[in-house]
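Look it over first, then read on.

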Amino acid sequence: MSVIELVAPTGSLDDAFARAAAWLRALGDELDGAAAPSAALWLALGAALCDDRMTANAMLARAEAGAGADRSPGDVLAAALAFALADRRPSAAMRALLLRGAGATPARRSAVGMLLGVGGAAPVRLRSAEAAAVLLGGGPAASVADVADALEAFGADDDALASAAFARGFAELRGHRAFTLGTSLLRGALALRGDAIGAGYVTAYVLGQQRLDGAFGHLPPRAPQVGDIRLAFHLPRTVRSLWTLRDASAGFAIVAREVARAGRAV
Amino acid sequence: MSPLATVGAGCWRWIAANVDDFLVRPGDDVPTRSARIVAFAELLIFTTASLRVGGGSAVPPAIVRAARDWLPAFDWESQLIRDPGFLVAIATVVEFLDACGGDAAPYRALVRAALARGIVERLQLRPYREAELDRLLVRSGFRRYDAAAFAACVRRAFRALDVPLPGYAVADLFALSHLVCYVCDDGERAAHDVVGTEGEARLRWLVSCAGRIALIDGDLDLAAEFVLCERYLGGFDPALTREAIRRAAAEQEPTGAVVAPDPGGMRSPFVRRYHSSLLWAYASLLVRQGRTPMAA
(Lines give C-alpha, C1' and ligand atoms only; values in the text may rest on other atoms or scores of the structure.)
Protein backbone atom coordinates (compact mmCIF):
# COMPACT_ATOMS: atom_id res chain seq x y z
CA MET A 1 0.00 0.00 0.00
CA SER A 2 1.27 3.43 -0.89
CA VAL A 3 2.10 5.86 1.89
CA ILE A 4 0.10 8.46 0.02
CA GLU A 5 -3.45 7.28 -0.23
CA LEU A 6 -5.81 8.33 -2.93
CA VAL A 7 -8.66 10.32 -1.49
CA ALA A 8 -10.99 7.61 -0.35
CA PRO A 9 -14.20 7.57 -2.39
CA THR A 10 -17.32 7.22 -0.29
CA GLY A 11 -18.61 4.30 -2.34
CA SER A 12 -18.17 2.43 -5.56
CA LEU A 13 -18.80 3.87 -8.99
CA ASP A 14 -21.53 1.32 -9.64
CA ASP A 15 -23.30 2.34 -6.48
CA ALA A 16 -22.99 6.03 -7.37
CA PHE A 17 -24.48 5.46 -10.82
CA ALA A 18 -27.29 3.29 -9.45
CA ARG A 19 -28.28 5.91 -6.89
CA ALA A 20 -28.07 8.71 -9.45
CA ALA A 21 -30.14 6.71 -11.95
CA ALA A 22 -32.87 6.19 -9.34
CA TRP A 23 -32.88 9.92 -8.55
CA LEU A 24 -33.10 10.79 -12.25
CA ARG A 25 -35.96 8.34 -12.81
CA ALA A 26 -37.90 9.77 -9.89
CA LEU A 27 -37.38 13.29 -11.18
CA GLY A 28 -38.42 12.23 -14.67
CA ASP A 29 -41.63 10.75 -13.29
CA GLU A 30 -42.47 14.07 -11.69
CA LEU A 31 -41.57 16.15 -14.72
CA ASP A 32 -44.36 18.46 -15.72
CA GLY A 33 -45.36 18.21 -19.37
CA ALA A 34 -44.95 21.95 -19.66
CA ALA A 35 -41.38 21.88 -18.39
CA ALA A 36 -38.67 23.30 -20.65
CA PRO A 37 -37.10 20.78 -23.05
CA SER A 38 -33.78 21.39 -21.33
CA ALA A 39 -34.92 19.33 -18.33
CA ALA A 40 -35.90 16.39 -20.54
CA LEU A 41 -32.62 16.70 -22.43
CA TRP A 42 -30.62 16.60 -19.22
CA LEU A 43 -32.62 13.61 -18.04
CA ALA A 44 -32.01 11.91 -21.38
CA LEU A 45 -28.26 12.39 -21.15
CA GLY A 46 -28.27 11.23 -17.54
CA ALA A 47 -30.16 8.08 -18.48
CA ALA A 48 -27.83 7.43 -21.42
CA LEU A 49 -24.80 7.79 -19.16
CA CYS A 50 -26.41 5.28 -16.81
CA ASP A 51 -26.82 2.92 -19.80
CA ASP A 52 -30.61 3.26 -19.67
CA ARG A 53 -31.28 3.78 -23.35
CA MET A 54 -35.05 3.26 -23.07
CA THR A 55 -35.48 6.12 -20.62
CA ALA A 56 -33.05 8.22 -22.64
CA ASN A 57 -35.15 7.79 -25.78
CA ALA A 58 -38.37 8.49 -23.93
CA MET A 59 -36.93 11.71 -22.57
CA LEU A 60 -35.58 12.76 -25.95
CA ALA A 61 -39.03 12.21 -27.47
CA ARG A 62 -40.49 14.32 -24.73
CA ALA A 63 -37.95 17.07 -25.32
CA GLU A 64 -38.73 17.04 -29.01
CA ALA A 65 -42.43 17.34 -28.32
CA GLY A 66 -41.77 20.55 -26.42
CA ALA A 67 -39.12 21.95 -28.76
CA GLY A 68 -40.82 25.16 -29.77
CA ALA A 69 -38.82 28.01 -31.19
CA ASP A 70 -39.18 29.98 -28.01
CA ARG A 71 -37.85 27.21 -25.72
CA SER A 72 -34.31 26.97 -24.38
CA PRO A 73 -32.49 23.70 -24.99
CA GLY A 74 -30.04 24.36 -22.12
CA ASP A 75 -26.54 23.01 -22.69
CA VAL A 76 -26.53 22.20 -26.41
CA LEU A 77 -23.39 20.06 -26.30
CA ALA A 78 -24.97 17.92 -23.58
CA ALA A 79 -28.17 17.72 -25.62
CA ALA A 80 -26.37 16.76 -28.82
CA LEU A 81 -24.42 14.16 -26.87
CA ALA A 82 -27.66 12.72 -25.52
CA PHE A 83 -28.93 12.17 -29.05
CA ALA A 84 -25.61 10.65 -30.11
CA LEU A 85 -25.46 8.25 -27.16
CA ALA A 86 -29.07 7.20 -27.72
CA ASP A 87 -28.37 6.72 -31.44
CA ARG A 88 -31.34 8.90 -32.23
CA ARG A 89 -31.53 11.51 -34.94
CA PRO A 90 -33.13 14.72 -33.67
CA SER A 91 -36.19 16.15 -35.36
CA ALA A 92 -35.78 19.17 -37.62
CA ALA A 93 -37.24 21.45 -34.96
CA MET A 94 -34.84 20.11 -32.34
CA ARG A 95 -31.86 20.40 -34.68
CA ALA A 96 -32.76 23.99 -35.39
CA LEU A 97 -33.13 24.68 -31.69
CA LEU A 98 -29.76 23.13 -30.84
CA LEU A 99 -27.87 24.79 -33.67
CA ARG A 100 -29.30 28.15 -32.76
CA GLY A 101 -28.10 27.74 -29.20
CA ALA A 102 -24.67 26.31 -30.02
CA GLY A 103 -22.78 29.56 -30.34
CA ALA A 104 -20.88 29.72 -27.07
CA THR A 105 -17.43 28.96 -28.52
CA PRO A 106 -16.12 28.03 -31.97
CA ALA A 107 -15.17 24.57 -30.71
CA ARG A 108 -18.61 24.02 -29.25
CA ARG A 109 -20.30 25.12 -32.47
CA SER A 110 -18.16 22.68 -34.43
CA ALA A 111 -18.67 19.83 -31.98
CA VAL A 112 -22.42 20.29 -31.91
CA GLY A 113 -22.48 20.65 -35.69
CA MET A 114 -20.54 17.43 -36.14
CA LEU A 115 -22.68 15.56 -33.62
CA LEU A 116 -25.77 16.71 -35.48
CA GLY A 117 -24.28 15.87 -38.88
CA VAL A 118 -24.23 19.44 -40.16
CA GLY A 119 -22.21 19.79 -43.35
CA GLY A 120 -19.10 21.95 -43.11
CA ALA A 121 -18.51 21.49 -39.40
CA ALA A 122 -14.84 20.67 -38.86
CA PRO A 123 -12.61 19.89 -35.89
CA VAL A 124 -10.97 22.80 -34.08
CA ARG A 125 -7.24 22.18 -33.61
CA LEU A 126 -5.57 23.79 -30.64
CA ARG A 127 -1.99 25.02 -30.59
CA SER A 128 -0.75 23.37 -27.43
CA ALA A 129 1.64 26.05 -26.18
CA GLU A 130 -0.87 28.85 -26.64
CA ALA A 131 -3.68 26.84 -25.11
CA ALA A 132 -1.56 25.96 -22.05
CA ALA A 133 -0.69 29.64 -21.64
CA VAL A 134 -4.39 30.52 -21.69
CA LEU A 135 -5.11 27.90 -19.03
CA LEU A 136 -2.25 28.97 -16.75
CA GLY A 137 -2.41 32.66 -17.42
CA GLY A 138 -5.70 33.65 -15.95
CA GLY A 139 -6.89 34.71 -19.39
CA PRO A 140 -10.43 35.80 -20.10
CA ALA A 141 -13.07 33.24 -19.21
CA ALA A 142 -14.24 32.94 -22.80
CA SER A 143 -10.77 31.83 -23.91
CA VAL A 144 -10.54 29.22 -21.17
CA ALA A 145 -14.00 27.93 -22.09
CA ASP A 146 -12.98 27.74 -25.74
CA VAL A 147 -9.88 25.69 -24.86
CA ALA A 148 -11.98 23.45 -22.62
CA ASP A 149 -14.52 22.78 -25.36
CA ALA A 150 -11.84 22.12 -27.96
CA LEU A 151 -9.95 19.76 -25.64
CA GLU A 152 -13.02 17.80 -24.74
CA ALA A 153 -14.36 17.47 -28.26
CA PHE A 154 -11.24 17.33 -30.39
CA GLY A 155 -8.26 16.60 -28.14
CA ALA A 156 -4.87 18.03 -29.09
CA ASP A 157 -1.83 16.87 -30.94
CA ASP A 158 0.16 16.14 -27.81
CA ASP A 159 -0.43 15.77 -24.10
CA ALA A 160 1.49 18.87 -23.01
CA LEU A 161 -1.81 20.49 -22.18
CA ALA A 162 -3.00 17.83 -19.79
CA SER A 163 -1.18 19.14 -16.72
CA ALA A 164 -2.43 22.67 -17.36
CA ALA A 165 -5.98 21.42 -17.89
CA PHE A 166 -5.96 19.37 -14.68
CA ALA A 167 -4.64 22.35 -12.72
CA ARG A 168 -7.07 24.84 -14.22
CA GLY A 169 -9.95 22.41 -13.81
CA PHE A 170 -9.27 21.85 -10.12
CA ALA A 171 -8.58 25.56 -9.63
CA GLU A 172 -11.96 26.43 -11.14
CA LEU A 173 -13.72 23.92 -8.90
CA ARG A 174 -12.68 25.87 -5.80
CA GLY A 175 -15.51 28.27 -6.67
CA HIS A 176 -18.93 26.66 -6.76
CA ARG A 177 -20.09 28.69 -9.75
CA ALA A 178 -17.44 27.26 -12.07
CA PHE A 179 -18.53 23.64 -11.87
CA THR A 180 -19.39 23.49 -15.57
CA LEU A 181 -16.05 24.87 -16.72
CA GLY A 182 -14.07 22.94 -14.10
CA THR A 183 -15.52 19.56 -14.96
CA SER A 184 -15.24 20.27 -18.69
CA LEU A 185 -11.52 21.01 -18.25
CA LEU A 186 -11.03 17.84 -16.23
CA ARG A 187 -12.75 15.80 -18.92
CA GLY A 188 -10.51 17.49 -21.47
CA ALA A 189 -7.44 16.65 -19.41
CA LEU A 190 -8.52 13.04 -19.10
CA ALA A 191 -9.04 12.95 -22.87
CA LEU A 192 -5.47 14.04 -23.46
CA ARG A 193 -3.63 11.70 -21.19
CA GLY A 194 -4.35 8.24 -19.95
CA ASP A 195 -3.63 9.30 -16.41
CA ALA A 196 -4.69 6.85 -13.74
CA ILE A 197 -3.68 9.13 -10.88
CA GLY A 198 -5.49 12.10 -12.38
CA ALA A 199 -8.56 9.99 -13.11
CA GLY A 200 -8.50 8.77 -9.51
CA TYR A 201 -8.44 12.29 -8.10
CA VAL A 202 -11.20 13.42 -10.47
CA THR A 203 -13.33 10.41 -9.50
CA ALA A 204 -12.77 11.02 -5.81
CA TYR A 205 -13.66 14.69 -6.18
CA VAL A 206 -16.88 14.04 -8.10
CA LEU A 207 -18.00 11.17 -5.89
CA GLY A 208 -17.58 13.51 -2.94
CA GLN A 209 -20.28 15.74 -4.44
CA GLN A 210 -22.99 13.07 -4.32
CA ARG A 211 -25.81 13.52 -1.86
CA LEU A 212 -27.66 10.84 0.07
CA ASP A 213 -30.60 10.96 -2.35
CA GLY A 214 -28.33 10.19 -5.32
CA ALA A 215 -28.20 13.71 -6.80
CA PHE A 216 -24.93 15.64 -7.04
CA GLY A 217 -24.08 19.18 -6.03
CA HIS A 218 -23.90 21.35 -2.98
CA LEU A 219 -24.50 25.01 -2.44
CA PRO A 220 -22.60 27.34 -0.13
CA PRO A 221 -24.58 28.09 3.05
CA ARG A 222 -25.54 31.60 2.03
CA ALA A 223 -26.67 30.79 -1.50
CA PRO A 224 -30.35 31.42 -2.10
CA GLN A 225 -32.33 28.18 -2.11
CA VAL A 226 -35.83 29.28 -2.88
CA GLY A 227 -38.30 26.58 -3.87
CA ASP A 228 -37.45 23.41 -5.73
CA ILE A 229 -33.95 23.72 -7.15
CA ARG A 230 -33.72 20.17 -8.45
CA LEU A 231 -34.30 21.06 -12.09
CA ALA A 232 -32.35 24.28 -12.11
CA PHE A 233 -29.39 23.18 -10.01
CA HIS A 234 -29.16 19.51 -9.08
CA LEU A 235 -30.18 18.05 -12.44
CA PRO A 236 -27.44 19.66 -14.56
CA ARG A 237 -24.86 19.08 -11.81
CA THR A 238 -25.85 15.45 -11.48
CA VAL A 239 -25.59 14.81 -15.20
CA ARG A 240 -22.29 16.71 -15.54
CA SER A 241 -20.98 14.67 -12.61
CA LEU A 242 -22.01 11.36 -14.21
CA TRP A 243 -20.50 12.54 -17.49
CA THR A 244 -17.19 13.29 -15.77
CA LEU A 245 -17.22 10.00 -13.87
CA ARG A 246 -17.85 8.14 -17.13
CA ASP A 247 -14.89 9.83 -18.80
CA ALA A 248 -12.67 9.20 -15.79
CA SER A 249 -13.53 5.53 -15.65
CA ALA A 250 -13.35 5.08 -19.43
CA GLY A 251 -10.03 6.88 -19.83
CA PHE A 252 -11.29 8.93 -22.75
CA ALA A 253 -13.79 11.72 -23.47
CA ILE A 254 -17.08 10.37 -24.68
CA VAL A 255 -17.76 13.63 -26.52
CA ALA A 256 -14.54 13.19 -28.50
CA ARG A 257 -15.48 9.59 -29.25
CA GLU A 258 -18.94 10.55 -30.47
CA VAL A 259 -17.65 13.53 -32.47
CA ALA A 260 -15.09 11.28 -34.14
CA ARG A 261 -17.77 8.70 -34.83
CA ALA A 262 -20.05 11.36 -36.33
CA GLY A 263 -17.15 12.69 -38.41
CA ARG A 264 -16.47 9.25 -39.83
CA ALA A 265 -20.14 8.77 -40.64
CA VAL A 266 -20.36 11.94 -42.73
CA MET B 1 22.57 37.09 -17.41
CA SER B 2 19.83 34.45 -17.69
CA PRO B 3 16.39 35.18 -16.22
CA LEU B 4 17.11 32.61 -13.52
CA ALA B 5 20.43 34.18 -12.55
CA THR B 6 18.82 37.62 -12.58
CA VAL B 7 16.06 36.45 -10.25
CA GLY B 8 18.56 34.86 -7.87
CA ALA B 9 20.97 37.80 -7.81
CA GLY B 10 18.12 40.25 -7.32
CA CYS B 11 16.67 38.31 -4.42
CA TRP B 12 20.01 38.02 -2.62
CA ARG B 13 20.52 41.75 -3.19
CA TRP B 14 17.16 42.54 -1.60
CA ILE B 15 17.80 40.20 1.34
CA ALA B 16 21.21 41.76 1.97
CA ALA B 17 19.76 45.25 1.79
CA ASN B 18 17.00 44.36 4.25
CA VAL B 19 18.79 41.92 6.53
CA ASP B 20 18.26 44.17 9.57
CA ASP B 21 14.53 43.71 9.21
CA PHE B 22 14.95 39.99 9.90
CA LEU B 23 16.54 40.70 13.29
CA VAL B 24 14.82 41.48 16.56
CA ARG B 25 15.74 45.00 17.62
CA PRO B 26 16.92 45.82 21.15
CA GLY B 27 13.94 46.53 23.37
CA ASP B 28 11.44 44.77 21.10
CA ASP B 29 8.83 42.74 22.89
CA VAL B 30 9.32 39.25 21.51
CA PRO B 31 6.53 36.74 21.57
CA THR B 32 8.11 33.36 20.84
CA ARG B 33 6.28 33.06 17.56
CA SER B 34 6.37 36.68 16.48
CA ALA B 35 6.52 37.50 12.79
CA ARG B 36 10.11 38.69 13.13
CA ILE B 37 11.29 35.52 14.84
CA VAL B 38 9.59 33.48 12.12
CA ALA B 39 11.28 35.64 9.48
CA PHE B 40 14.66 35.14 11.16
CA ALA B 41 14.14 31.37 11.29
CA GLU B 42 13.27 31.39 7.59
CA LEU B 43 16.43 33.38 6.88
CA LEU B 44 18.44 30.69 8.66
CA ILE B 45 16.63 27.85 6.88
CA PHE B 46 17.25 29.18 3.36
CA THR B 47 20.76 30.38 4.11
CA THR B 48 21.58 26.91 5.43
CA ALA B 49 20.04 25.21 2.41
CA SER B 50 21.87 27.55 0.03
CA LEU B 51 25.22 26.98 1.72
CA ARG B 52 24.68 23.24 1.46
CA VAL B 53 23.81 23.37 -2.23
CA GLY B 54 26.13 26.11 -3.40
CA GLY B 55 29.00 26.09 -0.92
CA GLY B 56 30.44 29.02 1.01
CA SER B 57 30.22 31.48 -1.85
CA ALA B 58 26.53 30.84 -2.52
CA VAL B 59 25.26 33.41 -0.04
CA PRO B 60 26.46 37.00 0.23
CA PRO B 61 28.81 37.00 3.25
CA ALA B 62 27.08 40.01 4.77
CA ILE B 63 23.92 37.99 5.21
CA VAL B 64 25.66 35.07 6.91
CA ARG B 65 27.66 37.44 9.10
CA ALA B 66 24.60 39.44 10.17
CA ALA B 67 22.66 36.33 11.11
CA ARG B 68 25.56 34.71 12.95
CA ASP B 69 26.55 37.86 14.83
CA TRP B 70 23.02 38.51 15.97
CA LEU B 71 22.51 35.07 17.52
CA PRO B 72 24.25 35.69 20.88
CA ALA B 73 22.24 38.88 21.42
CA PHE B 74 19.07 36.90 21.82
CA ASP B 75 18.14 34.83 24.87
CA TRP B 76 17.29 31.52 23.23
CA GLU B 77 17.06 29.62 26.50
CA SER B 78 14.40 31.96 27.90
CA GLN B 79 12.33 31.48 24.79
CA LEU B 80 12.60 27.73 25.10
CA ILE B 81 11.44 27.89 28.71
CA ARG B 82 8.50 30.08 27.71
CA ASP B 83 7.53 27.91 24.76
CA PRO B 84 8.77 24.31 24.32
CA GLY B 85 7.82 24.56 20.65
CA PHE B 86 10.80 26.90 20.31
CA LEU B 87 12.87 23.72 20.11
CA VAL B 88 12.30 23.79 16.35
CA ALA B 89 13.83 27.27 16.08
CA ILE B 90 16.89 26.30 18.14
CA ALA B 91 17.43 23.15 16.09
CA THR B 92 17.31 25.41 13.04
CA VAL B 93 20.05 27.56 14.58
CA VAL B 94 22.19 24.45 15.12
CA GLU B 95 21.80 23.49 11.47
CA PHE B 96 22.70 27.00 10.35
CA LEU B 97 25.83 27.19 12.48
CA ASP B 98 26.94 23.75 11.32
CA ALA B 99 26.51 24.86 7.70
CA CYS B 100 28.37 28.15 8.04
CA GLY B 101 31.14 26.86 10.28
CA GLY B 102 29.95 28.59 13.45
CA ASP B 103 30.05 27.28 16.99
CA ALA B 104 26.80 25.39 17.56
CA ALA B 105 27.81 23.91 20.93
CA PRO B 106 25.71 26.21 23.18
CA TYR B 107 22.63 25.61 21.09
CA ARG B 108 23.25 21.89 20.89
CA ALA B 109 23.31 21.85 24.68
CA LEU B 110 19.90 23.52 24.79
CA VAL B 111 18.44 20.99 22.36
CA ARG B 112 19.94 18.03 24.23
CA ALA B 113 18.57 19.27 27.55
CA ALA B 114 15.12 19.77 26.05
CA LEU B 115 15.14 16.30 24.53
CA ALA B 116 16.23 14.80 27.84
CA ARG B 117 13.18 16.44 29.44
CA GLY B 118 10.90 14.69 26.92
CA ILE B 119 9.75 17.91 25.31
CA VAL B 120 9.04 16.38 21.91
CA GLU B 121 6.37 14.05 23.25
CA ARG B 122 4.57 16.96 24.92
CA LEU B 123 4.47 19.23 21.92
CA GLN B 124 1.47 17.57 20.26
CA LEU B 125 2.63 18.71 16.84
CA ARG B 126 0.59 18.31 13.70
CA PRO B 127 1.96 15.35 11.74
CA TYR B 128 3.74 17.45 9.14
CA ARG B 129 5.38 19.55 11.85
CA GLU B 130 6.38 16.30 13.51
CA ALA B 131 8.07 15.25 10.26
CA GLU B 132 9.86 18.62 10.13
CA LEU B 133 11.21 18.27 13.67
CA ASP B 134 12.23 14.68 13.13
CA ARG B 135 14.20 15.63 10.05
CA LEU B 136 15.90 18.52 11.88
CA LEU B 137 16.89 16.32 14.80
CA VAL B 138 18.20 13.58 12.53
CA ARG B 139 20.14 16.03 10.36
CA SER B 140 21.95 17.54 13.30
CA GLY B 141 22.69 14.17 14.86
CA PHE B 142 20.35 14.37 17.85
CA ARG B 143 18.38 11.36 16.75
CA ARG B 144 19.06 8.34 14.55
CA TYR B 145 17.03 8.03 11.39
CA ASP B 146 14.26 5.50 11.91
CA ALA B 147 12.91 4.81 8.42
CA ALA B 148 9.78 3.01 9.59
CA ALA B 149 8.86 5.64 12.16
CA PHE B 150 9.46 8.47 9.68
CA ALA B 151 7.36 6.74 7.02
CA ALA B 152 4.56 6.30 9.57
CA CYS B 153 4.78 9.98 10.46
CA VAL B 154 4.66 10.94 6.78
CA ARG B 155 1.67 8.65 6.28
CA ARG B 156 -0.20 10.43 9.09
CA ALA B 157 0.70 13.78 7.57
CA PHE B 158 -0.60 12.80 4.15
CA ARG B 159 -3.84 11.49 5.63
CA ALA B 160 -4.55 15.08 6.63
CA LEU B 161 -4.13 16.09 2.98
CA ASP B 162 -6.33 13.34 1.55
CA VAL B 163 -8.91 15.72 0.22
CA PRO B 164 -9.36 16.61 -3.45
CA LEU B 165 -7.30 19.60 -4.56
CA PRO B 166 -10.25 22.00 -4.79
CA GLY B 167 -10.61 21.50 -1.04
CA TYR B 168 -7.02 22.60 -0.31
CA ALA B 169 -6.58 25.86 1.55
CA VAL B 170 -3.36 27.79 0.90
CA ALA B 171 -2.02 26.38 4.18
CA ASP B 172 -2.60 22.85 2.83
CA LEU B 173 -0.63 23.66 -0.31
CA PHE B 174 2.26 24.85 1.86
CA ALA B 175 1.92 21.72 4.00
CA LEU B 176 2.17 19.62 0.83
CA SER B 177 5.27 21.39 -0.41
CA HIS B 178 6.95 21.21 3.00
CA LEU B 179 6.18 17.52 3.26
CA VAL B 180 7.88 16.91 -0.07
CA CYS B 181 10.94 18.74 1.26
CA TYR B 182 10.96 16.56 4.38
CA VAL B 183 10.31 13.32 2.49
CA CYS B 184 13.16 14.14 0.10
CA ASP B 185 15.30 15.60 2.90
CA ASP B 186 15.81 18.66 0.70
CA GLY B 187 16.89 16.50 -2.19
CA GLU B 188 19.27 14.25 -0.30
CA ARG B 189 16.91 11.29 -0.24
CA ALA B 190 14.85 9.67 -2.98
CA ALA B 191 11.15 10.06 -2.24
CA HIS B 192 10.43 6.42 -3.03
CA ASP B 193 12.66 5.39 -0.11
CA VAL B 194 9.98 6.85 2.15
CA VAL B 195 6.71 6.70 0.24
CA GLY B 196 7.32 3.88 -2.26
CA THR B 197 7.21 4.17 -6.04
CA GLU B 198 3.44 4.58 -6.20
CA GLY B 199 3.58 7.24 -3.53
CA GLU B 200 6.33 9.05 -5.42
CA ALA B 201 4.19 9.03 -8.58
CA ARG B 202 1.33 10.55 -6.62
CA LEU B 203 3.63 13.21 -5.16
CA ARG B 204 4.83 14.14 -8.62
CA TRP B 205 1.25 14.41 -9.84
CA LEU B 206 0.26 16.60 -6.90
CA VAL B 207 3.32 18.83 -7.28
CA SER B 208 2.72 19.21 -11.00
CA CYS B 209 -0.92 20.17 -10.44
CA ALA B 210 -0.48 22.31 -7.32
CA GLY B 211 2.46 24.18 -8.87
CA ARG B 212 0.32 25.12 -11.84
CA ILE B 213 -2.53 26.16 -9.58
CA ALA B 214 -0.05 28.52 -7.90
CA LEU B 215 0.75 29.99 -11.33
CA ILE B 216 -2.95 30.32 -12.16
CA ASP B 217 -3.37 32.20 -8.88
CA GLY B 218 -0.35 34.40 -9.63
CA ASP B 219 1.21 33.22 -6.38
CA LEU B 220 4.96 33.32 -7.00
CA ASP B 221 5.68 32.48 -3.36
CA LEU B 222 3.85 29.17 -3.57
CA ALA B 223 5.11 28.58 -7.12
CA ALA B 224 8.69 28.73 -5.83
CA GLU B 225 7.85 26.12 -3.20
CA PHE B 226 6.76 23.74 -5.94
CA VAL B 227 9.80 24.55 -8.08
CA LEU B 228 11.87 23.26 -5.15
CA CYS B 229 9.67 20.18 -4.87
CA GLU B 230 10.03 19.53 -8.60
CA ARG B 231 13.81 19.60 -8.26
CA TYR B 232 13.79 17.42 -5.15
CA LEU B 233 11.63 14.87 -6.93
CA GLY B 234 14.14 14.59 -9.74
CA GLY B 235 13.35 17.35 -12.22
CA PHE B 236 10.40 15.49 -13.74
CA ASP B 237 8.45 18.59 -14.84
CA PRO B 238 10.81 21.19 -16.35
CA ALA B 239 7.89 23.02 -18.01
CA LEU B 240 6.54 23.98 -14.58
CA THR B 241 9.93 25.25 -13.48
CA ARG B 242 10.52 27.19 -16.72
CA GLU B 243 7.16 28.95 -16.55
CA ALA B 244 7.58 29.83 -12.87
CA ILE B 245 11.02 31.32 -13.55
CA ARG B 246 9.70 33.27 -16.51
CA ARG B 247 7.02 34.83 -14.36
CA ALA B 248 9.34 35.52 -11.42
CA ALA B 249 11.72 37.32 -13.79
CA ALA B 250 8.88 39.28 -15.38
CA GLU B 251 7.43 40.38 -12.05
CA GLN B 252 10.60 40.92 -10.01
CA GLU B 253 10.75 44.40 -8.53
CA PRO B 254 13.63 46.78 -9.34
CA THR B 255 14.80 46.26 -5.73
CA GLY B 256 15.25 42.57 -6.54
CA ALA B 257 12.37 41.33 -4.41
CA VAL B 258 9.77 38.86 -5.60
CA VAL B 259 6.43 39.71 -4.02
CA ALA B 260 3.92 37.30 -2.50
CA PRO B 261 0.19 37.92 -2.80
CA ASP B 262 -1.67 39.59 0.03
CA PRO B 263 -5.30 38.54 -0.22
CA GLY B 264 -6.27 40.13 3.09
CA GLY B 265 -4.33 43.33 2.48
CA MET B 266 -2.90 43.19 6.02
CA ARG B 267 0.72 42.23 5.42
CA SER B 268 3.57 44.70 5.73
CA PRO B 269 5.76 45.35 2.67
CA PHE B 270 8.56 43.34 4.35
CA VAL B 271 6.35 40.34 5.10
CA ARG B 272 5.08 40.32 1.51
CA ARG B 273 8.61 40.14 0.19
CA TYR B 274 10.92 38.25 2.49
CA HIS B 275 9.62 34.69 2.14
CA SER B 276 9.25 34.65 -1.63
CA SER B 277 12.62 36.37 -2.04
CA LEU B 278 14.33 33.79 0.19
CA LEU B 279 12.64 30.99 -1.74
CA TRP B 280 13.63 32.35 -5.14
CA ALA B 281 17.18 33.08 -4.01
CA TYR B 282 17.57 29.43 -3.01
CA ALA B 283 15.59 28.05 -5.95
CA SER B 284 17.81 29.93 -8.38
CA LEU B 285 20.85 28.14 -6.93
CA LEU B 286 19.18 24.76 -7.03
CA VAL B 287 17.85 25.07 -10.58
CA ARG B 288 20.95 26.78 -11.99
CA GLN B 289 23.02 23.80 -11.03
CA GLY B 290 20.73 21.67 -13.19
CA ARG B 291 20.63 18.88 -10.71
CA THR B 292 19.05 17.93 -7.45
CA PRO B 293 21.28 17.86 -4.38
CA MET B 294 20.80 14.09 -4.28
CA ALA B 295 22.74 13.81 -7.51
CA ALA B 296 25.60 15.97 -6.26
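## Rings and the chain contact

W76(B) is buried, because its relative accessible area is 5%, under the 20% cut-off. The model is predicted.

**Rings within chain B.** Y107(B) also counts as buried, at 10% relative accessibility. The ring centres of W76(B) and Y107(B) lie 6.3 Å apart. Their planes stand at 85°, so the pair is edge-to-face. W76(B) belongs to helix α4 (residues 76–82) of chain B, and Y107(B) to helix α6 (residues 105–116) of chain B. The pair therefore ties together parts that are 31 residues apart in sequence. Both residues also belong to one aromatic cluster, formed by F40(B), W70(B), F74(B), W76(B), F86(B) and Y107(B).

**A pair across the chains.** Over all chains, the count comes to 17 aromatic pairs. One of them joins F170(A) and W205(B), and this pair is edge-to-face. The pair crosses between chains: F170(A) sits in helix α9 of chain A, and W205(B) in helix α11 (residues 192–216) of chain B. F170(A) and W205(B) are both buried.

| Pair | Centre to centre | Angle between planes |
|---|---|---|
| F170(A) and W205(B) | 6.2 Å | 80° |
| W76(B) and Y107(B) | 6.3 Å | 85° |

**The contact between the chains.** How many residues does each chain bring to the contact? Chain A gives 26 residues and chain B gives 27 residues. The area buried between chain A and chain B is about 2400 Å². Carbon and sulfur atoms give 68% of that area.

In a salt bridge, the side chain of D217(B) meets that of R174(A), at 2.7 Å from N to O.

Which helices of chain A supply the side that touches chain B? α7 (128–136), α9 (160–172) and α11 (196–207) of chain A each supply at least two residues. α9(A) gives the most, with 7 residues. By type, this side of chain A divides into 17 nonpolar, 4 polar and 5 charged residues.

**A spot in chain A.** A21(A) lies in helix α1 (residues 13–30) of chain A. Is A21(A) buried or exposed? A21(A) is buried, because its relative accessible area is 14%. A21(A) and A48(A) are 27 residues apart along the chain, and their C-alpha atoms are separated by 9.8 Å.

Conventions
Residues numbered from 1 in each chain as written. Chains lettered and ligands numbered in written order. Predicted model: local features only at pLDDT ≥ 70, side-chain atom pairs only at ≥ 80, totals over all residues. Heavy atoms only, no water. Helix = DSSP H or I, 4+ residues; strand = E, 2+ residues; numbered from the N terminus. Buried < 20%, exposed > 50% of the residue type's maximum accessible area, 1.4 Å probe, protein only. Contact = heavy atoms within 4.5 Å. Buried area = accessible area lost by both parts, 1.4 Å probe. Salt bridge = Lys/Arg side-chain N within 4 Å of Asp/Glu carboxyl O. Nonpolar A, V, L, I, M, F, W, Y, C, P; charged D, E, K, R; others polar. Phe/Tyr/Trp six-rings, centres within 6.5 Å; stacked < 30°, edge-to-face > 60°.
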